[in-house]
Amino acid sequence: MKFALATMNPLEEVLSKKLFSFGGFVFTNHMVMVAIAASILLIVLPLTCGKIRMIRTGFGNAIETICVFFRNEVVKPFLKDQTDKYVSVIWTLFFFILSMNLLGMIPLDKIIYLFTGQKNHIVGAATGNIFVTGALALFSFIFFHAAGILENGVGNYIRNFCPKVPGPIYPLIFLLEVLSSFIRMFSLAVRLFANLFAGHMMLAVILGFIFFFKNILAATVSISFAALISMLELFVAFLQAYIFAFLTTIYIGMAIHQDH
């Protein structure tokens with residue numbers, strides 16, 4: 001039992017692992033997963049939605065339904081007449097995050113092992129890495145400020161960055177608004193990271209009980225719970241991608257419509 005405790009490490013399933021280095025630059029499994037997600041989107045979306053059709057079917061119809069939903073129900077209420085100017089960024093964020101979330105649920109390392117017989121670490125949810133979610137949040141932070149400056153001009157954007165308040169307390173309120181802006185960025189990064197990280201940790205711990213107890217009852221209970229947690233993770237994968245895209249939309253709306 002002590003040996004099992006010593007060898008069972010749930011963090012192994014979520015930690016970033018070095019795959020190879022090139023020119024002194026280290027490539028990790030999460031970097032590869034980000035590249036795979038981007039490649040899938042670059043190939044699959046143009047193939048399914050590239051041609052203009054009156055009625056789409058199958059996967060293309062599902063993609064178009066999601067895009068229409070985001071445009072009409074999520075983005076348009078906040079961005080109004082600037083909807084079509086920024087909706088493509090919101091679509092990209094949603095599908096990119098969703099692809100990384102879903103890829104993290106596929107045991108690519110086991111599939112590759114079945115075909116090659118070689119152990120590898122090409123697996124893991126890139127969105128369970130705080131540096132990946134931090135980069136996404138930084139992009140969102142820069143983008144909504146850039147949109148605000150583009151629509152209002154630099155001077156007007158800074159002048160209207162905080163509500164109209166009496167002069168003596170204006171510097172304090174302005175500072176609080178700046179801090180609030182940075183907190184939005186950190187909350188975007190931490191929310192996505194924490195949800196994906198916790199889900200994969202929980203799944204690894206539950207499956208680890210099989211090796212810990214080594215009996216049929218523990219295996220049956222663990223696999224049953226793992227199946228339920230996997231269904232929940234699938235829901236969380238869509239939900240967290242939606243929340244990130246939704247909050248980015250709100251922040252863009254607040255930046256370009258400062259008078260509201």
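Me: Is Leu179 buried, partly exposed or exposed, and what is its relative accessible area?
Reply: Happy to start there, with the reminder that this is a predicted model. Leu179 is found in helix α8, which spans residues 170-213. Buried would need under 20% relative accessible area and exposed over 50%. Leu179 falls in between, so it is partly exposed, with a relative accessible area of 45%.

Me: Which residues make the nonpolar surface patch of about 490 Å²?
Reply: Leu179 is one of them, and a patch residue has to have over 30% relative accessible area. Leu179 passes that cut-off because its value is 45%.

Me: Nice. What pattern does the chain follow along the sequence?
Reply: The chain holds 9 helices and 2 strands. Reading along the sequence gives α-β-β-α-α-α-α-α-α-α-α.

Me: What share of the 260 residues is buried?
Reply: Picture the C-alpha atoms filling a box of roughly 70 × 55 × 45 Å along the principal axes. The chain exposes about 15500 Å², with carbon and sulfur atoms supplying 74% of that area. As for the residues, the buried share is 37%.

Me: Is Asn29 buried or exposed, and which residues is it in contact with beyond its neighbours within four places in sequence?
Reply: Asn29 sits in helix α2, residues 29-49. Its relative accessible area is 1%, and the limit for buried is under 20%, so Asn29 is buried. Leaving those sequence neighbours aside, its contacts are Leu15, Ser16, Lys17, Leu19, His121 and Val123.

Me: And Gly128: which residues does it touch, not counting those up to four places away in sequence?
Reply: Gly128 lies in the loop between α5 (108-116) and α6 (130-152). At 9% relative accessibility, Gly128 counts as buried. The residues it touches are Phe193, Leu196 and Phe197.

Me: How far apart in space are Gly128 and Val68?
Reply: In sequence, Gly128 and Val68 are separated by 60 residues. From C-alpha to C-alpha, the distance is 29 Å.

Me: What is the phi of Lys80?
Reply: Lys80 is in the loop between α3 (58-79) and α4 (83-103), and it is partly exposed at 46% relative accessible area. Most residues other than glycine have a negative phi. Lys80 is not a glycine, yet its phi is positive, at about 50°.

Me: How many salt bridges are found in the whole structure, and which residue pairs with Arg71?
Reply: Side chains of opposite charge can pair when their charged atoms come close. The search finds 2 salt bridges. In one, Arg71 in helix α3 is joined to a residue of helix α4 that is 13 residues apart from it, with the closest N and O atoms at 2.7 Å.

Me: What is the distance between the closest N and O atoms of Glu151 and Lys85?
Reply: Glu151 forms a salt bridge with Lys85. The pair links helix α6, which holds Glu151, with helix α4, which holds Lys85, and the two are 66 residues apart. Both are partly exposed, because their relative accessible areas, 24% for Glu151 and 48% for Lys85, lie between the limits of 20% and 50%. The closest N and O atoms are 2.8 Å apart.

How values were computed: Residues numbered from 1 in each chain as written. Predicted model: local features only at pLDDT ≥ 70, side-chain atom pairs only at ≥ 80, totals over all residues. Heavy atoms only, no water. Patch = residues over 30% accessible without salt bridge, like charges linked within 9 Å, V, L, I, M, F, W, Y side chains within 5 Å. Areas by Shrake-Rupley, 256 points an atom, 1.4 Å probe, with all protein chains shown as cover. Salt bridge = Lys/Arg side-chain N within 4 Å of Asp/Glu carboxyl O. Helix = DSSP H or I, 4+ residues; strand = E, 2+ residues; numbered from the N terminus. Buried < 20%, exposed > 50% of the residue type's maximum accessible area, 1.4 Å probe, protein only. Contact = heavy atoms within 4.5 Å.
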